[in-house]
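Biologist: Hi! I'm new to this one, could you walk me through it?
Modeller: Happy to, let's bring it up.

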Amino acid sequence: MEGSMLTISLGIWMELPGVNYRDLTNGKHRDVTSDRATPEEISTYYRDYVKLKGLQKNFVDNTYVTSIQKLCRGHKAEDLENGHTDKGDGGMGGEGKGGFEGNGKACVKNGGGGTLWEVRGYRQVQNKTHVPFSLFAENVVLATGASDSPVRLGVEGEDLPFVFHSISNLGLAVSQRKLDRNSDPVLIIGAGLSAADAVLCACSSNIRVLHVFRKSVDNPDLIFKQLPKSLYPEYHKVYNMMCSQTYTNMAAPNGPQPESIASSVCAKICPKPQLSAGNLAGGTSAGLFPDYTSFPEHCVVSFQPDMNCLLQGNNSLKAFKVSMVLVLIGTNPNLFFLKGQGQYLGQDPTRPISCKQNPIDINQYTFECTKEPGLFAMGPLVGDNFVRFLKGGALGITSCLLTRLKKREKLISKGGNTFI
Ligand SMILES: Cc1cc2nc3c(=O)[nH]c(=O)nc-3n(C[C@H](O)[C@H](O)[C@H](O)COP(=O)(O)OP(=O)(O)OC[C@H]3O[C@@H](n4cnc5c(N)ncnc54)[C@H](O)[C@@H]3O)c2cc1C
């Protein structure tokens with residue numbers, strides 16, 4: 001999130017057990033929106049939390065996991081190669097060290113039937129050197145979130161250098177003064193809060209904005225319809241502009257002019273957009289940003305190397321020259337480090353994992369993957385998209401591992417060694 005933004009949730013909704021959010025943020029109160037946090041406040045709270053709770057030893061910074069592979073104890077290596085799953089008990093938590101060759105094909109000959117995971121990756125140290133590591137664990141918790149892979153439009157020209165998929169690129173361009181009020185407009189695609197944040201960021205720097213989204217402004221699924229106005233005034237300002245400053249309404253001499261390519265295509269296939277005087281008045285309401293134009297029910301056809309973007313609306317094609325494009329239509333997890341990108345773990349194994357459409361299938365109490373004993377998942381990966389829901393996942397997993405640990409200790413004290 002950019003520095004000037006506020007979180008959607010109130011700060012206290014994102015606090016962790018045992019440390020009062022208000023205590024650490026000095027009970028700051030700014031105005032009606034003040035109970036929402038700035039990114040700086042919430043990240044400081046989490047950093048301080050780790051220190052206050054003495055958790056530093058549990059964190060290894062700058063470490064990237066590149067592969068998580070299941071090994072099996074007492075099973076033949078062919079099982080792995082054929083992709084068979086081991087339905088045994090995942091065993092206790094913590095890391096286990098085994099005599100593996102490290103290529104994912106060796107098995108411990110005299111072990112029990114439990115699963116063991118080999119986790120590989122590297123740690124980035126000073127001067128960006130990568131130090132590889134490999135460790136073995138009886139249980140692995142996937143908590144890698146869902147922000148790593150931006151959703152793409154899949155249209156021609158999406159890899160051109162002026163097309164970006166993260167709002168941070170806009171912040172960077174503004175701070176480096178690559179964009180200003182004289183630049184061609186920025187094209188922002190998407191009708192969610194990230195796109196709204198980008199609109200706010202551009203408007204606050206007086207950069208002209210073209211805002212394209214597929215939904216109609218009346219669509220009840222628009223996130224703005226679910227946010228109370230008093231708590232989220234900035235998002236309602238964006239929504240107001242989305243409704244009142246549409247291309248049709250703004251097609252005045254000062255409004256955005258399509259490039260000639262569009263005029264020629266347009267003239268052939270669609271009627272020219274009509275100016276609606278009544279709505280135009282709404283578009284210039286106090287507090288709104290005049291150099292903003294929305295394109296509801298439009299989608300992108302292509303981006304051209306000459307920085308023209310071709311848009312498709314209701315029976316019309318339009319092209320606009322832009323300075324930058326931001327595609328902000330959501331993100332997906334990136335589980336590249338798992339077999340088949342972890343797709344087989346999803347509720348629908350035929351589709352990629354997605355926090356909204358296809359979360360990882362878990363046991364609702366233990367958060368263990370239904371298809372992989374010993375592998376757990378929490379957070380957006382299982383559809384828990386807000387910080388306040390994360391605690392449930394962490395508690396469920398901890399409780400499960402503790403119960404298994406106690407069970408195992410009991411068995412060992414009784415003289416059994418079947419799990420070792
Ligand atoms: C713009 C934005 C605003 C939000 N606002 C709110 C809000 O107001 N309130 C709210 O409750 N929630 C909000 N959320 C959602 C909230 O951020 C998530 O629910 C929460 O961060 C999920 O926590 P997590 O630890 O599961 O995943 P993340 O916080 O996404 O953390 C995952 C971590 O895993 C790391 N990782 C990924 N792959 C690897 C790998 N291969 N190796 C090593 N590390 C890896 C990532 O680098 C990251 O550090 C917001 C999210 C976004 C994107």
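Biologist: What percentage of the residues of the protein count as buried?
Modeller: Of its 420 residues, 42% count as buried. Keep in mind that this is a predicted model.

Biologist: Thanks! How many helices and strands are there?
Modeller: The protein has ten helices and 15 strands.

Biologist: Which residues touch the most other members in the largest nonpolar core?
Modeller: That core has 37 residues, and those with the most contacts to other members are Leu-170, Val-186, Ile-188, Val-199, Phe-224, Met-242 and Tyr-292.

Biologist: And which helix gives the most to this core?
Modeller: That would be α5, with eight residues. At least two residues each come from α4, β7, α5, α6 and β13.

Biologist: What does Phe-224 touch?
Modeller: Leaving out residues up to four places away in sequence, Phe-224 touches Ala-191, Gly-192, Leu-193, Ala-196, Tyr-235, His-236, Tyr-239 and Met-242. Another core, of 24 residues, lies apart from the largest one, and its members include Trp-117 and Leu-375.

Biologist: Switching topic: how many residues does helix α10 have?
Modeller: Helix α10 has 27 residues, 387-413. From first C-alpha to last, α10 reaches 40 Å, close to the 39 Å expected at 1.5 Å a residue.

Biologist: Which strands do the buried residues of α10 pack against?
Modeller: They pack against β4 (140-142) and β15 (375-377). Among the buried residues of α10 are Gly-393, Ile-397, Leu-401 and Arg-404.

Biologist: What follows α10?
Modeller: Gly-415 does, with a positive phi near 100 degrees.

Technical notes
Residues numbered from 1 in each chain as written. Predicted model: local features only at pLDDT ≥ 70, side-chain atom pairs only at ≥ 80, totals over all residues. Heavy atoms only, no water. Core = buried A, V, L, I, M, F, W, Y, C linked by side-chain atoms within 4.5 Å. Buried < 20%, exposed > 50% of the residue type's maximum accessible area, 1.4 Å probe, protein only. Helix = DSSP H or I, 4+ residues; strand = E, 2+ residues; numbered from the N terminus. Contact = heavy atoms within 4.5 Å. Expected span 1.5 Å × (residues − 1).
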